[in-house]
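Here are my notes on the model you sent over. Keep the 3D view open while you read, and click on each residue as it comes up.

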Amino acid sequence: PDGGLNVSVLRAPDGERILPVFRSRTAAEAAQLPVKPGALADVSGSHIFRMTGFDRMDIDPGGEGSLTISGDDLITLGVWASIADVEYAIEAPEKCEAPMVTLREFSRYLVLVDGTRDAPELLMAPDTHGRQLVAVFTADDAVERFVQTMAAPEGVATTMPGKELFFALRQLSIDGFVFNCCGPCATRAFAMGVIDRILTEGWAV
């Protein structure tokens, strides 16, 4: 599973792989699952939902309010967990273990390309100082807020993984970039100098 965490995946008689998850240690102990003593680990929800290597997640199995997640719902939760992680790294990088790595490894940034021009251009975030700051978004709702707030020209939303995005931004004659410039989540602007840190931090030398 993702992150190198050694979790207990149970296998149903039909071969389905099940990851049991509990909201509390009390619920986990009450379930009496066939796992090794001391196997319980406290893990954030975003980390759990980004994990792979199982077909179904059972939350509080056998208990009150139990919930089963599988298929497309599991994939959707994984996407939103990644969005939550990157938005936290944007809002409070000082509280994250490796914020630059999180920014680099996020797989689905969104940018808007102005489709009304002969030569397509990335749309810029509003700036009272006249700086050229590319508008970068972490989710569809942030794109929608930008279009509504700015009455932006017709644009094409393009999805880009972090490495590709930051390598591309580094080649442009701009002053920086802004995440989610019109909300609804935290907005933060970065100067161009941070791009090298995003692209290199955490790599073994």
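1. Start with the cysteines. In this predicted model, the sulfur of Cys-181 has its closest cysteine sulfur in Cys-182, 4.0 Å away, and that is too far for a bond. A disulfide, remember, is a covalent bond between the sulfur atoms of two cysteines. The cut-off used here is 2.5 Å, and a search of the whole structure turns up 0 disulfides. Cys-181 is buried, at 17% relative accessible area. Cys-96 counts as buried too, with 18% relative accessibility. Both values sit under the 20% limit for buried residues.

2. Next, the inside of the protein. The largest nonpolar core has 25 residues, and the ones with the most contacts inside it are Leu-103, Tyr-109, Phe-166, Phe-177 and Phe-179. Which elements supply at least two residues each to this core? They are the helices α3, α4 (99-105), α6 (162-170) and α7 (194-200), along with the strands β5 (109-114), β7 (133-137) and β9 (176-179). There is also a second, separate core of 14 residues, which includes Phe-137, Val-143, Phe-146 and Val-178.

3. Helix α3 deserves a look of its own. It runs over residues 71-91, which makes 21 residues, and reaches 31 Å from its first C-alpha to its last. That is close to the 30 Å expected at 1.5 Å a residue. Which of its residues are buried? Leu-74, Gly-78, Ala-81, Ile-83, Val-86, Glu-87, Ala-89 and Ile-90 are.

4. Now the rings. The structure holds 8 aromatic pairs. Take Tyr-109 and Phe-166: their ring centres are 5.6 Å apart and their planes are at 75 degrees, so this pair is edge-to-face. Tyr-109 sits in strand β5 and Phe-166 in helix α6, so the pair ties together parts that are 57 residues apart in sequence. Tyr-109 is buried, with a relative accessible area of 0%, and Phe-166 is buried at 0% as well.

5. For another ring geometry, go to Phe-177 and Phe-190. Their centres are 5.6 Å apart, but the planes are at 20 degrees, so the pair is stacked. Phe-177 belongs to strand β9 and Phe-190 to strand β10 (residues 188-191), so this pair connects parts 13 residues apart in sequence. Phe-177 and Phe-190 are buried.

6. On to charges, with 9 salt bridges in the structure. In one of them, the side chains of Arg-23 and Asp-60 meet at 2.6 Å, N to O. This pair links distant parts of the chain, 37 residues apart: Arg-23 is in the loop between β2 (17-21) and α1 (25-31), while Asp-60 is in the loop between β3 (56-59) and β4 (67-70). Are the two partners buried or exposed? Arg-23 counts as exposed, at 55% relative accessibility, whereas Asp-60 is buried, at 8%.

7. Two more bridges to click on. Arg-170 and Asp-196 meet through their side chains at 2.8 Å, N to O. Arg-170 lies in helix α6 and Asp-196 in helix α7, so the pair ties together parts 26 residues apart in sequence. Arg-170 is partly exposed, at 36%, and Asp-196 also counts as partly exposed, at 40%. Then there is Glu-201 with Arg-197, where the closest N and O atoms are 3.3 Å apart. Glu-201 is partly exposed, at 29%, and so is Arg-197, at 45%.

8. Salt bridges that share partners join Glu-16, Arg-56 and Asp-58. Asp-58 has its place in strand β3 and is buried, with a relative accessible area of 10%. Which side chains does the side chain of Asp-58 touch through polar contacts? Arg-56 is one of them, at 2.7 Å, and Thr-68 is another, at 3.0 Å.

Key
Residues numbered from 1 in each chain as written. Predicted model: local features only at pLDDT ≥ 70, side-chain atom pairs only at ≥ 80, totals over all residues. Heavy atoms only, no water. Helix = DSSP H or I, 4+ residues; strand = E, 2+ residues; numbered from the N terminus. Expected span 1.5 Å × (residues − 1). Buried < 20%, exposed > 50% of the residue type's maximum accessible area, 1.4 Å probe, protein only. Core = buried A, V, L, I, M, F, W, Y, C linked by side-chain atoms within 4.5 Å. Phe/Tyr/Trp six-rings, centres within 6.5 Å; stacked < 30°, edge-to-face > 60°. Salt bridge = Lys/Arg side-chain N within 4 Å of Asp/Glu carboxyl O. Polar contact = N/O pair within 3.5 Å; in protein donor to acceptor, adjacent residues only side chain to side chain.
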